[in-house]
Amino acid sequence: MEARHDAAGTPIFQRIKDFLVAQIAAGHWKEGDVIPSEQALVKQFGVSRMTVNRAVRELTAEAVLTRRQGSGTFVAPQKVQATLLEIRSIADEIRARGHTHRSTLQRLEQGPAQELLAKGFELPAAHLLFHSIIVHYENGVPIQVEDRWVNPQVAPDYMAQDFTRVTPSEYLLATAPLQAATYSLEALAAPRDIADMLAMEARQPCLVLRRRTRSAGKVASLVTMWHPGHRYQFAGSVATGAHA
């Protein structure tokens, strides 16, 4: 009869789950890679098909693996999770997950605001604004395109920052303490330029977060953040009795 636990008392199916997760975490199997068949795992661990099936079934339910009828079992897209209820630097979110953040600056410029943009900042048309576009990476994978406009009245030194070392959020939170924020979230098809920066096909769905922040009674920034829908999700919770 097959042993249900190993020498340390860990259930055998859990040991198989731990092995599979460790292989994914170490990068031996990446998103979309096929994992060994159940029969191969049966031979590797010397256990019954039922035990292996339970491990694979639970990892599928946990969205670590995905099964395709007639093709096998694959590493599922691993969605990054972020919260809408707290404004943080994306670098801090990534480091909190134990991962590595880096960014590339695509554009840093200044110029007069067009009418619609000036209205969003509650400023006269043609008022000077700063503009940056930055791609953020998690463990080398692009997960956000940050397209941000900034009010020079609130952050006059914005153009002098090294945004490969500090994120715009980190700089603005230190320079222009947050007074209030509004946001919207929608799903949009990625235009070609955004898709290229996110290493995805054009017209694939993105989660797009638009946010306006205020500081010292002024609109500080308007930012649009594009996230690949197949590897990013937003989540959050509110305690009972909390006020929005």
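Reader: What does the protein average in pLDDT?
Author: The average is 86, and 88% of the residues score at least 70. pLDDT is the predictor's confidence in each residue, from 0 to 100.

Reader: Which elements have the lowest and highest mean pLDDT?
Author: Strand β3 (residues 80-83) is lowest at 53, and strand β5 (residues 128-138) is highest at 97. Helices (H or I, at least four residues) and strands (E, at least two) are DSSP runs, numbered from the N terminus. Over residues 238-244 the pLDDT is below 50. Where pLDDT is low, the predicted coordinates should not be read in detail.

Reader: On to packing. How many residues are in the largest nonpolar core?
Author: It has 18 residues, and I16, L20, V52 and L65 have the most contacts inside it. Such a core is a set of buried Ala, Val, Leu, Ile, Met, Phe, Trp, Tyr and Cys residues joined through side-chain atoms within 4.5 Å.

Reader: Which element gives the most to this core?
Author: α1 does, with five residues.

Reader: What does L65 touch?
Author: Among its contacts are L20, I24, I35, V56 and F74, leaving aside residues up to four places away in sequence. Contact means heavy atoms within 4.5 Å.

Reader: Is I24 buried or exposed?
Author: I24 counts as buried because its relative accessibility is 16%. The cut-offs are under 20% relative accessible area for buried, over 50% for exposed, and partly exposed in between (1.4 Å probe, protein chains only). I24 sits in helix α1. Its C-alpha is 9.6 Å from that of I35, 11 residues apart in sequence.

Reader: New topic. What is the volume of the second largest cavity?
Author: About 130 Å³. A cavity is a set of points on a 1 Å grid over the protein atoms alone where a 1.4 Å probe fits but cannot get out; lining residues have an atom within 4 Å of a point. Grid points are joined across faces, edges and corners, and a volume is the space filled by probe spheres set on the points.

Reader: Which element gives the largest share of its lining?
Author: β8, with four residues.

Conventions
Residues numbered from 1 in each chain as written. Predicted model: local features only at pLDDT ≥ 70, side-chain atom pairs only at ≥ 80, totals over all residues. Heavy atoms only, no water. 1 Å grid on protein atoms, 1.4 Å probe; cavity = no way out; pocket = protein on both sides within 12 Å on 5 of 7 lines; lining within 4 Å.
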